[in-house]
Amino acid sequence: MMNQDHVLHASQDDEMESLVLHDDNGNGNGNGNDSSGNIQQPSQSPKSPFNSFLDPPSYAEAIFTSFDSNGHDQTLEQSSRSGTGSGSGSESDCMQISVSDPQEEQELTNSLVPGGSSYHTYLITTRTGKSEVGVRRRFREVVTLSERLSEAYRGYVIPVRPEKSSVERKVMQKEEFVEQRRVALEKYLRKLVSHPVIGKSEELRLFLEVQGKLPLMRTTDVASRMLDGAVKLPRQLFGSESVAVDLNDVTQPARSGRDLLRIFKELKQSVTNDWGAAKPLVVEEDREFMDKKDKLMEFEQQLSNVSQQAESLVKFQQDMGETMGELGLAFVKLTKFESEEAEFESQRVRAADMRNVATAAVKASRLYRELNTQTIKHLDKLHEYLGTMLAINNAFSDRSSALLTVQTLSSELASLHSRIEKLEVAASRIFGGDKTRMRKIEELKEAVRVTESAKICADREYERIKENNRSELERIDKERQSDFQNMLRGFVVNQAGYAEKMAAVWEKLAEETSTYSSNNS
């Protein structure tokens with residue numbers, strides 16, 4: 001993630017803030033901002049020889065700084081809507097999410113050690129029009145919401161929730177960790193709300209609106225599911241329990257762990273597919289999807305490269321700001337020395353000129369820091385899309401998992417029919433039939449009936465996930481076009497605007513020191 005620690009050291013800031021920096025308008029702030037914090041056009045200097053190459057179109061007034069509470073650039077979004085944008089905003093455009101006021105609470109357990117365990121809750125405020133609802137949630141409830149959404153909306157590109165990192169919690173200061181998690185949760189919930197399907201889901205509505213304990217059934221943890229599957233496995237292997245896939249479980253991936261025999265079967269099917277021992281009875285036939293998937297993988301690699309270069313740019317601008325500030329500070333000290341030791345008028349003039357250089361360097365330092373803040377806001381969209389690519393890969397995994405279930409059930413049906421055929425042939429060779437074999441045949445036919453029903457459910461789930469993938473890729477393609485257009489426009493205009501302001505600073509300094517040029521000539 002882009003480094004946002006792009007300010008000078010506090011001690012240097014304090015020293016530079018003590019300088020009386022005279023800008024073009026005679027005020028002392030020297031940062032080119034008005035009282036509202038918006039970037040303003042610097043006043044034009046009189047014509048000079050430098051103006052011949054320092055007169056580009058003015059971008060200083062167009063610097064974009066208006067980000068709304070959801071982190072979107074309002075100026076850019078408004079222009080895209082009024083121009084060639086996607087049209088009217090969705091219902092989620094009116095919904096504002098904020099996460100604030102983290103509070104530490106004690107875990108209610110049966111532990112004999114008082115205060116042995118604690119956690120933090122966060123105030124999640126949802127504003128829709130004139131209404132406002134606030135609920136307190138802990139991170140565990142966010143995990144529950146994420147799991148329920150993943151189960152109920154397979155195939156959708158669901159934003160990835162923040163990680164529950166115990167390592168960061170140990171190495172970071174508690175306040176820093178809590179604030180980092182608060183920011184991450186706020187971004188995550190805003191992304192959920194902005195999703196056209198997830199944003200209208202009942203699960204998210206309950207999470208955001210219902211007071212008290214989250215009224216969503218928490219998904220059983222992996223260890224408990226695996227234990228249940230281990231208990232059931234011997235009965236499945238020795239025939240005391242049906243080996244057919246449960247209709248209620250077939251719409252969920254086998255890795256949920258409740259049916260270890262199903263996991264083994266799908267693992268075997270996966271190995272068979274990978275090693276090409278036998279062609280699966282059902283394969284992915286959507287060539288358009290496969291081509292798009294390959295292109296997205298290439299896009300992800302290119303996006304990662306651009307994101308790394310953007311981080312380098314942010315680091316460079318941060319270093320430039322710090323170096324300029326240090327240069328200005330050094331000239332301030334040199335000016336002080338020259339002023340105190342000056343005996344002749346020429347020394348005092350030289351000290352005044354050095355003070356002007358110090359002033360210009362400090363102004364440039366501040367402009368670089370302001371530019372870096374805006375650069376981070378715009379180019380962080382690259383980092384966000386890396387997270388989107390992870391969510392897309394999760395949606396594709398849902399598709400692959402559903403296809404594997406269909407393939408496994410198809411193979412299972414073929415195996416059951418083959419066993420029935422062999423038993424019928426063997427039973428027909430015995431006069432009067434073989435009652436044991438006939439009973440086994442009836443059991444296998446019942447297994448066929450149940451497996452066929454399960455395969456029908458699996459087919460429907462697979463087709464549903466495919467359609468979800470298709471609609472989500474179309475949506476993301478449109479959003480990416482708009483997001484990247486706004487990102488690039490904001491980035492370019494900010495670079496041009498601040499370059500113009502910096503040029504004005506150095507041009508003014510050049511005019512102030514122009515006497516050296518005339519003297520030398």
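**Briefing: helix 3, its surroundings and selected side-chain pairs**

The buried residues of helix 3 are Phe139, Glu141, Val142, Val143, Thr144, Leu145, Ser146 and Leu149. They pack against strand 2, strand 3, helix 5 (174–194) and helix 6 (202–209). The model is predicted. It contains 26 salt bridges and 4 aromatic pairs.

- Helix 3 spans residues 139–152, a run of 14 residues. From its first C-alpha to its last it reaches 20 Å, close to the 20 Å expected at 1.5 Å a residue.
- Phe139, one of the buried residues of helix 3, also takes part in a contact between a charge and a ring: the charged end of Arg181 sits over the Phe139 ring, 3.9 Å from its centre.
- Strand 2 (residues 118–128) and strand 3 (residues 131–138) run antiparallel and are joined by 8 bridges.
- The hairpin formed by strand 2 and strand 3 has 2 residues between the strands, and Gly129 adopts a positive phi near 65 degrees there.
- Arg127 stands opposite Glu132, a residue of strand 3. The two residues also form a salt bridge, in which the closest N and O atoms are 3.1 Å apart.

- Side chains of opposite charge can pair when their charged atoms come close.
- Glu186 meets Arg182 in a salt bridge with an N to O distance of 3.7 Å. These residues are 4 apart in helix 5 and are therefore separated by about one helical turn.
- Glu186 also meets Arg190 in a salt bridge, at 3.6 Å from N to O. Glu186 and Arg190 are likewise 4 residues apart in helix 5, so about one helical turn separates them.
- An α-helix has 3.6 residues a turn, so residues three or four places apart point the same way.
- Arg182 is buried, as is Glu186. The relative accessibility of Glu186 is 14%, and Arg190 counts as buried at 17%.
- Through shared partners, salt bridges join Glu179, Arg182, Glu186 and Arg190 into one network.

**Aromatic pairs**

- The model has 4 aromatic pairs. In one of them, the rings of Tyr153 and Tyr156 have centres 6.0 Å apart and planes at 65 degrees, so the pair is edge-to-face.
- Tyr153 counts as buried at 15% relative accessibility, and Tyr156 counts as buried at 15%.
- Tyr385 and Phe484 have ring centres 5.2 Å apart and planes at 90 degrees, which makes this pair edge-to-face.
- Tyr385 lies in helix 10 (residues 345–428) and Phe484 in helix 11 (residues 435–512), so the pair ties together parts that are 99 residues apart in sequence. Tyr385 and Phe484 are buried.
- Ring pairs link Phe299 with Tyr385 and Phe484 in a cluster. Arg480 lies over the face of Phe299, at 4.3 Å from the ring centre.

**A further position in helix 11**

- Ala499 lies in helix 11 and counts as partly exposed, at 42% relative accessibility.
- The C-alpha atoms of Ala499 and Ala364 are separated by 9.9 Å, while the two residues are 135 residues apart along the chain.

Methods:
Residues numbered from 1 in each chain as written. Predicted model: local features only at pLDDT ≥ 70, side-chain atom pairs only at ≥ 80, totals over all residues. Heavy atoms only, no water. Phe/Tyr/Trp six-rings, centres within 6.5 Å; stacked < 30°, edge-to-face > 60°. Buried < 20%, exposed > 50% of the residue type's maximum accessible area, 1.4 Å probe, protein only. Lys NZ or Arg CZ within 6 Å of the ring centre and 35° of its normal. Pairing = 2+ DSSP bridges. Expected span 1.5 Å × (residues − 1). Contact = heavy atoms within 4.5 Å. Salt bridge = Lys/Arg side-chain N within 4 Å of Asp/Glu carboxyl O.
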